[in-house]
Amino acid sequence: MAKTRSLEAINKKLFKGASSLQATLEGMLETRRPLAVLEIGCGAGRALMELALAFRHEPVRFYGINRELGNPISSSADLARVAREYDLDVESAGAEWQLPELFFYDATTLHFSANSIDLIYLSSVARFIEHKAEFIEEVCRVLTPGGVAIIQLSRSGWDYPEGEIRDDLLVTRYPSRLVLTHGRDLVPLPKYLKQFAETGVEFEFISTPACVLRVTKRQAGRLSLGLEYDTVRSVPMTQLPYGQEDVREARGGFRSVYRVSDEGYKAMLDRLARLPARDSPTGGSEESQETSLPLTTPKPPRTVTSYRVGQRVKVKGKRGEGRSFRASKIRPNDDGLEWEELEGGVEWVDAATGTFGLLGCTVYVDAEYRASDTWDRAARGALRRGTLAKVSGSFRDGRFAPERLVIKEPHAVIVEEIQGAISSIDAASACLEVAGFTVRVDARTRIVTE
Ligand SMILES: C[S@@+](CC[C@H](N)C(=O)[O-])C[C@H]1O[C@@H](n2cnc3c(N)ncnc32)[C@H](O)[C@@H]1O
């Protein structure tokens with residue numbers, strides 16, 4: 001089944017429980033109709049279908065864009081099949097109900113006309129887009145006046161503080177996927193974007209530590225962010241040698257660096273000078289937030305009891321003896337999927353029986369999966385001892401049966417990671433049971449709870 005989040009998981013990513021796409025749409029329907037809604041990077045279209053079915057009695061037209069064609073959808077008609085796989089009740093919508101309309105291309109440039117879409121949303125997509133500023137301008141162009149876009153721009157580590165750039169390669173020790181510079185200085189994104197409220201586009205950062213941007217277009221017109229793409233410093237994140245001392249998650253996506261023009265920089269300073277002190281954005285940096293916070297009661301230290309049984313987590317670390325795993329970092333996994341995952345160096349391969357070893361487990365690739373395209377593409381010739389592999393699937397009868405296999409780019413250091421739901425918590429021995437492993441926590445383990 002395609003790895004695409006449910007509507008609930010996307011809502012959680014975008015709004016962290018404070019609102020939802022349904023509530024946003026219901027609010028809009030009170031003042032205007034018909035409406036047009038677009039999901040960018042809709043994957044298999046699961047959330048798009050759930051949303052479209054929820055509003056099937058309302059005058060709302062739904063559209064989706066995805067860069068990849070196929071695997072598993074190549075046309076709007078495929079959406080109905082995928083929806084049935086997810087047990088969505090497509091039949092009750094009736095024959096006259098229109099499926100969302102799909103398009104397959106790179107959404108940096110949109111084919112929709114100006115002022116035509118009321119709500120645009122995207123989750124886990126923008127970080128792959130190279131020209132992010134041009135993409136945001138394009139989203140603003142197609143939004144209707146009064147329209148809203150909810151853009152998850154990055155994962156954690158996006159809110160680099162003001163200061164000098166670190167060096168020409170890394171630029172900042174924060175692994176942000178969108179960085180603005182002016183000369184040798186870093187320009188925090190929230191500060192820079194404030195100035196556009198006067199030209200009719202409001203930017204708000206609604207969810208942290210992930211970077212979710214709500215864009216509200218107040219009036220018709222074209223937004224120009226006044227940013228120049230830095231072709232030298234913009235690179236895939238995998239090319240950046242982030243180390244232990246760097247702040248938060250560095251993997252995946254594309255780092256886009258832009259130069260702020262002198263006029264843009266001046267406009268930002270003018271705008272900030274006119275803001276009342278309490279509205280002045282801090283630039284989002286941990287450093288500046290720490291110094292401006294009022295004194296509060298210190299929070300209790302995080303331990304294994306910061307989690308609950310049943311909660312899904314990602315654990316990075318190193319496998320020990322047998323099925324023990326020493327955790328260097330644990331964080332909640334809100335990808336909305338039910339799978340268990342193992343990632344590490346392949347220990348052995350037995351092509352004859354379709355088995356291989358990963359983190360001390362035997363992974364059984366059944367004949368049906370071995371005959372599939374996915375397996376063929378991922379594994380043909382590439383699966384051998386030492387390869388970095390990630391399998392997603394489930395433990396059944398003591399065997400790990402993958403539904404998905406990804407062969408990863410070779411890394412100098414093999415990453416070992418497990419994912420799954422916590423099946424038990426032992427506070428006395430500081431252990432969690434996850435995906436069949438006993439995860440040991442010690443003073444050096446980073447315990448992230450949000
Ligand atoms: C990680 S998946 C996320 C899928 C879904 N939004 C979710 O949250 O489960 C990223 C999706 O974005 C699409 N994508 C990536 N870059 C894109 C681009 N430049 N234009 C359109 N789609 C893109 C990919 O094809 C893929 O389906």
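Predicted model: local features only at pLDDT ≥ 70, side-chain atom pairs only at ≥ 80, totals over all residues.
**Domains**

The chain splits into domain 1, residues 7-288, and domain 2, residues 304-447. Nine residues from domain 1 and twelve residues from domain 2 make up the contact. The C-alpha centres of domain 1 and domain 2 are 31 Å apart.

About 780 Å² is buried between domain 1 and domain 2, and carbon and sulfur atoms give 32% of that area. Even so, zero salt bridges are counted between domain 1 and domain 2. The count of residue pairs in polar contact between the two domains, with both residues at pLDDT 80 or more, is also zero.

| Helix | Residues | Buried residues |
|---|---|---|
| H1 | 7-15 | seven of nine |
| H5 | 132-142 | nine of eleven |

Helix H1 is mostly covered. Its buried residues are Leu-7, Ala-9, Ile-10, Asn-11, Lys-13, Leu-14 and Phe-15. Just after H1, Lys-16 has a positive phi of about 50°.

Helix H5 is largely enclosed by the rest of the structure, because nine of its eleven residues are buried. Here "buried" means under 20% relative accessible area. The buried set in H5 includes the charged residues Lys-132, Glu-138 and Arg-141.

Technical notes
Residues numbered from 1 in each chain as written. Heavy atoms only, no water. Domains from an automatic or database assignment. Contact = heavy atoms within 4.5 Å. Buried area = accessible area lost by both parts, 1.4 Å probe. Salt bridge = Lys/Arg side-chain N within 4 Å of Asp/Glu carboxyl O. Polar contact = N/O pair within 3.5 Å; in protein donor to acceptor, adjacent residues only side chain to side chain. Buried < 20%, exposed > 50% of the residue type's maximum accessible area, 1.4 Å probe, protein only. Helix = DSSP H or I, 4+ residues; strand = E, 2+ residues; numbered from the N terminus.
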